[in-house]
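Cover backbone geometry, strand pairing and helix packing.

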Amino acid sequence: MSPNAKPSLLEIEQAVEIKAREWQRQQLQKRLQQAADQQGAICPHSGEPLQAARYEIVTLDTCAGTVTVRAYYGRHPKTGQWQHPIRLLWGLQPRQRLSPQLQERLSYTAAETDSYARAAKMATKWGTPIAAATVHKHAQQMGQAATTQTQAREDQLMNAATQAQAVAPLPNGLEVFCLVVMMDGFMARERGEDWALKPPEAKGARVAWHEVKAATIYRVDQVAQKESGRRQILQKFWVLSPTQTPPAEFGRAVHAEAIRRGMGKAKYVFVLADGAVWIWNIIEDRFLTGLKGLDFYHASTHLWAIAHELFPEEAQAKAWVEPLLHQLKHGQEADVLHTLEALPAQRQAAGLSFSDLLQREITYFQTHREHLHYQALAAKGSPIGTGAMESTCGQLQTRVKRTGQFWQPTGLAHMLALKAALQNDDWYALWSRN
């Protein structure tokens, strides 16, 4: 810049920001030093003075920058362990250098961006240069804490439900609402048994695909309609289980979250899913009294499969299937089942073969005959499709299934726990647990 050139708005703002950041760092360091001086050489847990106490420098990386504090370090008279009283008071882990607020900010950024490297770049942009490995380390620590927190809450809810056995009917005059529970899964790419196999051309199982089981839970009164006519769920809650979680364990987690969100007080509990057998086993085990619905889109694809098997010409298939779809959606599901169940005799009378595909698809509808009451469900306020669940899976896959991402099972589990904590308003409880 020439001597006579005037600084731009950007340069002025940047200079003030740097100065304000340094002032904030100095004020924080001053406050922390005061806290360390007040604590002295006293164990914050037992209240006993430490032996052989001496001063040491405690260094912390914070959102305002790096601060240093002169604090006591000594040996506990009973346990014989050496400790920094001030670090114990602040709830810092051994050798933890990041402050809780910086750790929270980095974990949030890691969960909301598409990679740890991108999170590190974001942190640098908002003033905290940090390595992607450090972001990964602390996000994983908080993901593990979120997993522990979720499991403890699940146990508490299920124990309480077991003791209560049944929830009392909703008293008159209280809020009346309906709850929706949806379940599905999506595949995630993990490191296989031969991930590090050398040389590169050697054949091996370097990649393993496993299913993440997921659930979406929301109240019907939390669905709003946009000006465009599309519906939007204002608040929904997730249950995300690590890969290879047994269905029964996942079902218990979904049951616990549904209880947490008011299942026992809901007028109706609508449970919707596609045709996956493991999901319907969970529904029969955990949501037996719920109003159950097979996702209409999946039902329609199975009807179309029958249509294409019966009629090679697309126009003929369309002419056959569209009236059935209309009937299925508008309270005439019994007629649809009758039409399907009459097909074997009709094919035999006409001298036509009856394929395994036709038999399989008819059995599919017979299995789900009690889950096809779409008009009745809609009249009570239920959706008839699992679009909200598909949306959840899509959002999660943008984080955990990016190009080049190959997860370790524990790493993926911890990231899913962070995403669920964010979605379910449990995020800040992670930093208030001490």
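Q244 is exposed, with a relative accessible area of 58%; exposed here means over 50%, buried under 20% and partly exposed in between, with a 1.4 Å probe and protein chains only. The residue lies in the loop between β8 and α6 (247-260). Helices (H or I, at least four residues) and strands (E, at least two) are DSSP runs numbered from the N terminus. The phi angle of Q244 is near 65°, a positive value in a residue other than glycine.

This is a predicted model, in which local features need pLDDT of at least 70 and side-chain atom pairs count only at pLDDT 80 or more, while totals for chains, interfaces and linings use all residues. Residues are numbered from 1 along each chain as its sequence is written, and side-chain values use heavy atoms, with hydrogens and water left out.

R95 also has a phi near 65°, positive in a residue other than glycine. R95 sits in the loop between α2 (85-89) and α3 (100-112) and is exposed, at a relative accessible area of 77%. Most residues other than glycine have a negative phi, and most peptide bonds are trans. The peptide bond joining K198 and P199 is cis, with omega about -5°. P199 belongs to the loop between β4 and β5.

A202 is placed in the loop between β4 and β5. With a relative accessibility of 22%, A202 counts as partly exposed. From A202 to Q39 the C-alpha to C-alpha distance is 60 Å, and the two are 163 residues apart in sequence.

**Strand pairing**

Two strands pair if DSSP finds at least two bridges between them.

| Strand | Partner strand | Bridges | Residues opposite each other |
|---|---|---|---|
| β4 (residues 178-191) | β5 (residues 207-219) | 13 bridges | R191 and V207 |

How are β1, β2 and β3 arranged? The three strands form an open sheet in the order β1-β2-β3, with antiparallel pairing. Its edge strands are β1 (51-62) and β3 (82-83), each of which pairs on one side only. In a regular strand the side chains alternate between the two faces of the sheet.

Helix α1 lies across β1 and β2 and runs at about 10° to β2. Axes are lines fitted to C-alpha atoms, for helices over the stretch in contact, and angles run from 0 to 180 degrees between N-to-C directions. Contact means heavy atoms within 4.5 Å.

L32 is found in helix α1 (residues 9-39). Is L32 buried or exposed? L32 is buried, with a relative accessible area of 15%. Not counting residues up to four places away in sequence, L32 touches L60, V67, V69 and W90. The C-alpha atoms of L32 and L9 are separated by 34 Å, and the two residues are 23 apart along the chain.

**Helix packing**

Two packed helices are described by the angle between their axes and the distance between the axes. For helix α8 (residues 296-310) and helix α12 (residues 356-367), the axes come within 10 Å and cross at roughly 150°. The two helices are therefore roughly antiparallel; angles under 35 degrees count as roughly parallel, over 145 as roughly antiparallel, 65 to 115 as roughly perpendicular and the rest as oblique. The crossing of α8 and α12 is left-handed: the near helix is turned anticlockwise from the far one by less than a right angle, and clockwise would be right-handed.

On the α8 side the contact is made by H298, A299, H302, L303, A305, I306, E309 and L310, and on the α12 side by L357, L358, E361, Y364 and F365. By class, this contact has nine nonpolar, two polar and two charged residues. Ala, Val, Leu, Ile, Met, Phe, Trp, Tyr, Cys and Pro count as nonpolar, Asp, Glu, Lys and Arg as charged, and the others, Gly among them, as polar.

Helix α14 (residues 387-400) packs with helix α15 (residues 409-423) at an angle of about 130°, their axes 11 Å apart. α14 and α15 are therefore oblique to each other, and their crossing is right-handed. L396, R399 and V400 of α14 make the contact with L412, M415, L416 and K419 of α15. The classes in this contact are five nonpolar, no polar and two charged residues.
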